[in-house]
Amino acid sequence: MTDTYVALDLEATGMDPAHDEVIEIGAVKFRGNQIIGRFESLVRPSSPISLGIQTLTGLTNDALRAAPLFPSVAPKLRDFVKQTPIVGQSVEMDLDMLSAGGLRFSNTRFDTFELATVLLPELPAYNLATIASVLGVEVPASHRAVADAETTMVVFNRLVERAEMFDTQTLERLVEVTTRGDSHLTRFFATLLRERRDERQPTGTSIGAQLLARLSESAHVGPEAMFLIPRDRSERLEPTGSDTHVSLEALDRVMTSDGPFSKTIPGFEERPQQQQMLQAVAGTLNQGG
């Protein structure tokens with residue numbers, strides 16, 4: 001994705017915009033992996049911060065007493081961000097905190113939390129540290145706004161790289177599905193799709209192309225990379241008029257640890273949630289859904 005973005009992160013006295021206050025703002029303007037500019041400022045709260053917040057952030061009440069008030073910082077942040085799309089981890093929460101202080105942004109926004117739930121569906125949790133760890137991004141030990149904004153930038157770029165591995169039909173389907181929820185995810189996948197269609201002469205240097213090249217040199221392709229292998233797609237399925245039900249028992253046998261999947265897919269594991277989903281889908285089909 002070739003646009004310019006601003007990764008935004010805040011530190012605050014709590015998570016309730018109605019009662020808590022911003023104490024630090026960090027923002028990084030970037031295009032791809034290139035950082036164009038940084039914005040960083042402490043913000044003086046109306047009362048001393050708790051020991052817990054001091055321990056978490058490393059900020060002290062002495063440092064914050066010398067900081068400017070939010071009304072002085074807000075215009076500078078507005079000038080830095082302007083109309084640039086905003087990237088953040090649970091970004092709506094940060095924007096709500098700013099809005100409560102009187103600074104409202106209507107910019108397009110991309111939430112790395114929301115993107116990760118689509119692009120990394122297997123994660124046990126979706127906090128910034130967990131997402132970054134899975135993507136191989138080093139996370140600073142302290143909770144400081146500009147450092148977390150830089151981490152968010154790198155995480156966003158890695159998620160873009162992962163999305164670029166999808167084939168065109170998958171991106172088209174993601175645009176279609178996310179449109180139903182009127183989500184900023186739609187803009188994300190639509191941008192990738194538009195840029196792909198604008199490429200007149202693919203160079204073969206994309207992340208997906210490089211990974212495919214490595215796979216072609218390897219004797220073994222793991223299940224996590226099988227979706228990248230080019231393959232012929234079958235014709236679209238059409239209703240046959242048959243009302244024969246799918247056997248739920250037969251489907252269960254397919255997904256067991258000694259079933260045909262386990263003998264075909266390296267590293268296959270029996271997962272109750274997968275079986276429950278299969279049963280739900282098959283049951284819906286049997287009922288005419």
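**Exercise 1. Is Arg197 buried or exposed, and what is its relative accessible area?**

Start with the ground rules. This is a predicted model, in which local features need pLDDT of at least 70, side-chain atom pairs count only at pLDDT 80 or more, and totals for chains, interfaces and linings use all residues. Residues are numbered from 1 along each chain as its sequence is written, and side-chain values use heavy atoms, with hydrogens and water left out.

Step 1. Buried means under 20% relative accessible area, exposed means over 50%, and partly exposed lies in between (1.4 Å probe, protein chains only).

Step 2. Apply them. Arg197 has a relative accessible area of 55%, so it is exposed.

**Exercise 2. Which side chain meets Arg197 in a salt bridge? Then treat the other pairs.**

Step 1. Set the rule. A salt bridge needs a side-chain nitrogen of Lys or Arg within 4 Å of a carboxyl oxygen of Asp or Glu. Six salt bridges pass this rule.

Step 2. Find the partner. Glu172 meets Arg197 at 2.7 Å, N to O. This pair links distant parts of the chain: Glu172 sits in helix α8 and Arg197 in helix α9, 25 residues apart. Glu172 is partly exposed, because its relative accessibility is 33%.

Step 3. Stay in α8. The side chains of Glu176 and Arg173 form a salt bridge of 2.9 Å, N to O. These two residues are three apart in helix α8, so about one helical turn separates them. Both count as partly exposed: Glu176 at 41%, Arg173 at 42%.

Step 4. Move to α2 (residues 61–65). Asp62 and Arg65 meet in a salt bridge of 2.2 Å, N to O. They too are three residues apart in one helix, about one helical turn. Asp62 is exposed, because its relative accessibility is 55%.

**Exercise 3. Describe the setting of Glu24.**

Step 1. Glu24 lies in strand β2. Helices (H or I, at least four residues) and strands (E, at least two) are DSSP runs, numbered from the N terminus.

Step 2. Glu24 has a relative accessible area of 1%, so it is buried.

Step 3. List polar partners. A polar contact is a pair of N or O atoms within 3.5 Å; within protein, one must be able to donate a hydrogen and the other to accept it, and residues adjacent in sequence count only if both atoms are side-chain atoms. The side chains of Glu24 and Arg144 are joined by such a contact of 2.8 Å. A polar atom of the Glu24 side chain also lies 3.2 Å from the backbone nitrogen of Ala145.

Step 4. Widen to contacts (heavy atoms within 4.5 Å). Leaving out residues up to four places away in sequence, Glu24 touches several residues, among them Asp9, Glu11, Glu40, Ser41 and Leu59.

**Exercise 4. Which residues touch the most other members of the largest nonpolar core?**

Step 1. Define the core. It is a set of buried Ala, Val, Leu, Ile, Met, Phe, Trp, Tyr and Cys residues joined through side-chain atoms within 4.5 Å.

Step 2. The largest core has 34 residues, and Ile131, Val155, Phe156, Phe188 and Phe189 touch the most other members.

Step 3. Trace the contributors. Elements supplying at least two residues each include β1 (5–12), β2 (22–31), α7 (145–164) and α9 (184–198). Helix α7 gives the most, with eight residues.

Step 4. Beyond neighbours within four places in sequence, the contacts of Phe189 include Val118, Leu119, Ala163 and Leu171.

Step 5. Look for another core. A second, separate one has 22 residues, including Leu10, Ala27, Leu77 and Leu98.

**Exercise 5. Which residue of the loop between α10 (207–216) and α11 (248–254) is 7.9 Å from Asn286, C-alpha to C-alpha?**

Step 1. Identify the residue. Thr244 lies in that loop.

Step 2. Compare distances. Thr244 and Asn286 are 42 residues apart in sequence and 7.9 Å apart in space, C-alpha to C-alpha.

Step 3. Thr244 is exposed, because its relative accessible area is 64%.

**Exercise 6. Summarise the whole protein.**

Step 1. Count elements. There are 13 helices and five strands.

Step 2. Of the 289 residues, 37% are buried.

Step 3. Among contacts between residues at least 6 apart in sequence, 59% join residues at least 24 apart.
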